[in-house]
Amino acid sequence: MIIWSGWGVLSALIAVAGLVGSVLLDPALARIGIPTPTGVVLVWIVAAAFNWWLGTRLNNRPGRELVDPRTGQIVILRGRHTLFWIPMQYYSVLMVVLGGLSVLGVMHGGSSGRNVGQTARAHTPAASNLLRVASRDTTPPKWLHGSHGVAWTLSSDRD
């Protein structure tokens, strides 16, 4: 159950849009050569800045002054825009934290943007050199048939 007042639900919608935007933008930027966490950082910073701007603008509107006829006391009525009783602009801090956690997840999640063969060769340069020297026979040598879990890759002599 989501509890909000005023336009506070927009914070949740902005966070969902930030998540979708980072999922779509980051691979597109990686295809043109921009490093992987850049799209995630950009989307979450923009989402947090927009949420902060919108939340402060909505919550800082001037209220209506009313006078109680019996006591003469002035009462100010002001609309609040909250999500789970927290003003919506403070969810921008949470968005920046989520962006930072997603960047850490991308950085420690393995080598994204590489093919499996490239990853294996990058970590075992001696094995890739050994396979280049091997003959053109496509069957793996008998010493690879054990339970070592070694991957067999072919490379051409044109490299």
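Biologist: Which residue in β4 stands opposite Trp4?

Modeller: Strands are DSSP runs of E with at least two residues, numbered from the N terminus, and two strands pair if DSSP finds at least two bridges between them. Here β1 and strand β4 (residues 82-83) pair in the antiparallel sense over two bridges. In β4, the residue opposite Trp4 is Leu83.

Biologist: What kind of model is this?

Modeller: Residues are numbered from 1 along each chain as its sequence is written, and side-chain values use heavy atoms, with hydrogens and water left out. Local features need pLDDT of at least 70, side-chain atom pairs count only at pLDDT 80 or more, and totals for chains, interfaces and linings use all residues, this being a predicted model.

Biologist: Is Ser11 buried or exposed?

Modeller: Ser11 is found in helix α1 (residues 9-31), a helix being a DSSP run of H or I with at least four residues. Buried means under 20% relative accessible area, exposed over 50% and partly exposed in between, using a 1.4 Å probe and protein chains only. Because its relative accessibility is 3%, Ser11 counts as buried.

Biologist: Which residue's side chain is joined to that of Ser11 by a polar contact?

Modeller: A polar contact is a pair of N or O atoms within 3.5 Å; within protein, one must be able to donate a hydrogen and the other to accept it, and residues adjacent in sequence count only if both atoms are side-chain atoms. At 2.9 Å, such a contact joins the side chain of Ser11 to that of Asn51.
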